[in-house]
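Dear colleague,

Please read the notes with the coordinates open beside them.

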Amino acid sequence: MGILQVLKTQLLCHLIICYVFLVSGFIINLLQICTLPLWPINKQLARKINCRLGYSISSQLVALLEWWSGTECTLYTAPESYKLYGKENAIVVLNHNFEIDFMTGWTFCERFGVLGSSKVLAKKELSFVPVIGWMWYFLEIVFCKRQWEEDRKTVVQSLRNLRDYPENFWFLLHCEGTRFTEKKHKISMEVAEKKGLPKLKYHLLPRTKGFCVTVQNLRGTVTAVYDSTLNFRNNEMPTLLGVLNGKKYHADLYVRRIPLDTIPEDESECAAWLHKLYQEKDEFQEHYRQTGRFPGAITSPPHRPWALLNWLFWVCLLVYPLCMLLLQLLLSGSTFTVVCTSVFCLAVSVGMRWMIGQTEIDKGSNYGRDMQINNN
């Protein structure tokens with residue numbers, strides 16, 4: 001293990017990363033608040049500014065994965081589809097098997113220049129979480145309360161607001177709603193058996209209502225669905241802590257471009273279409289387990305330097321005054337001050353990990369009940 005790799009595992013480095021992310025995030029949130037008076041005057045300009053500000057937060061997590069961890073991403077896709085990525089609006093359907101799959105999804109967005117404008121369907125509670133939640137609020141992320149009768153009107157209006165969005169955007173959907181575990185899989189397949197739905201081996205039963213409403217309300221705005229299936233080599237289960245420790249992973253991502261006009265407009269037919277899609281995703285995962293690769297042509301989208309440059313900018317801006325402050329505290333000779341500072345640093349680290357963990361769309365509480373509701 002080299003010196004640099006040892007350095008990446010040190011708590012001090014983790015604290016600095018957390019500090020830079022949180023402080024820069026609060027600064028950007030304040031700048032986003034400053035754009036509020038611009039919205040009634042020039043909404044499209046306000047949206048473009050918030051895309052850039054949002055990028056400055058989310059790209060730090062991409063830089064952490066790509067440049068700090070050194071994680072590689074191989075893309076399996078058709079050459080004719082590859083030419084269109086980043087040049088059109090799309091709904092991206094992702095599997096939800098890994099702790100860092102949201103970071104991998106953002107990396108996919110970054111490689112094609114749509115990270116700042118990417119959208120998700122997230123829990124309403126996240127809009128109150130500083131940094132990421134507040135950033136999403138200004139990016140017009142679609143929030144819901146997980147009570148569909150109450151959510152439907154709000155979700156429909158939020159989706160329709162995106163029809164005149166000035167930037168190309170990708171709408172990222174984890175249709176399974178929560179990360180795959182054996183316990184949740186068992187519950188999911190029990191629901192599938194009761195409803196006469198096909199069983200899946202590597203995925204949970206997809207929640208169809210959110211997908212169908214998204215497709216219905218983004219027709220004419222979005223041109224395609226990107227069916228995206230993610231796996232990691234050597235049966236690895238990557239973690240956020242592993243990324244912070246600089247551990248390198250290798251992600252394989254299979255993407256199929258499906259024109260939106262081939263998806264049925266009728267809600268029940270659209271739901272059946274989504275279930276069939278997940279059967280196919282299961283087959284792709286089985287192919288990967290047996291052969292170590294996905295079908296299709298292999299490509300490695302080039303790294304863009306902007307995420308790294310943005311990260312270095314914030315490090316240079318924020319770490320120097322922090323070092324001067326810590327030096328003054330140490331020279332003060334006050335034991336109480338030193339202890340309080342240490343506790344604060346640990347709290348910052350825990351706080352960042354908690355906030356990133358909250359970006360999970362659902363932690364799986366009341367999962368069986370939710371599965372029944374969302375597939376009725």
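I begin with the contact between H3 and H5, in which Tyr55, Ser58, Leu61, Val62, Leu64, Leu65 and Glu66 of H3 meet Phe102, Met103, Thr104, Trp106, Thr107, Glu110 and Arg111 of H5. By residue class, this contact of H3 with H5 divides into eight nonpolar, three polar and three charged residues. Please bear in mind throughout that this is a predicted model.

The axes of H3 and H5 (residues 101-111) come within 9 Å and cross at roughly 105°; because angles of 65 to 115 degrees count as roughly perpendicular, H3 is described as roughly perpendicular to H5.

H3 (residues 43-68) also packs against H2 (residues 11-33), and there the axes come within 8 Å, with a crossing angle of roughly 165°. That angle makes H2 roughly antiparallel to H3, and the crossing of the two is left-handed. On the H2 side the contact includes Cys13, Ile17, Val20 and Phe21, while the residues of H3 that take part include Leu53, Ile57, Leu61, Leu64 and Trp68. The residues of this contact of H2 with H3 comprise 11 nonpolar and eight polar ones, with no charged residue.

For the protein as a whole, there are 14 helices and eight strands, and 54% of the 376 residues count as buried. Among contacts between residues at least 6 apart in sequence, 81% join residues at least 24 apart. The accessible surface comes to about 17,100 Å², of which 62% belongs to carbon and sulfur atoms.

Technical notes:
Residues numbered from 1 in each chain as written. Predicted model: local features only at pLDDT ≥ 70, side-chain atom pairs only at ≥ 80, totals over all residues. Heavy atoms only, no water. Axes fitted to C-alpha atoms, helices over the stretch in contact; angles between N-to-C directions. Helix = DSSP H or I, 4+ residues; strand = E, 2+ residues; numbered from the N terminus. Parallel < 35°, antiparallel > 145°, perpendicular 65-115°, else oblique. Left-handed = near helix turned anticlockwise from the far one by under 90°. Contact = heavy atoms within 4.5 Å. Nonpolar A, V, L, I, M, F, W, Y, C, P; charged D, E, K, R; others polar. Buried < 20%, exposed > 50% of the residue type's maximum accessible area, 1.4 Å probe, protein only. Areas by Shrake-Rupley, 256 points an atom, 1.4 Å probe, with all protein chains shown as cover.
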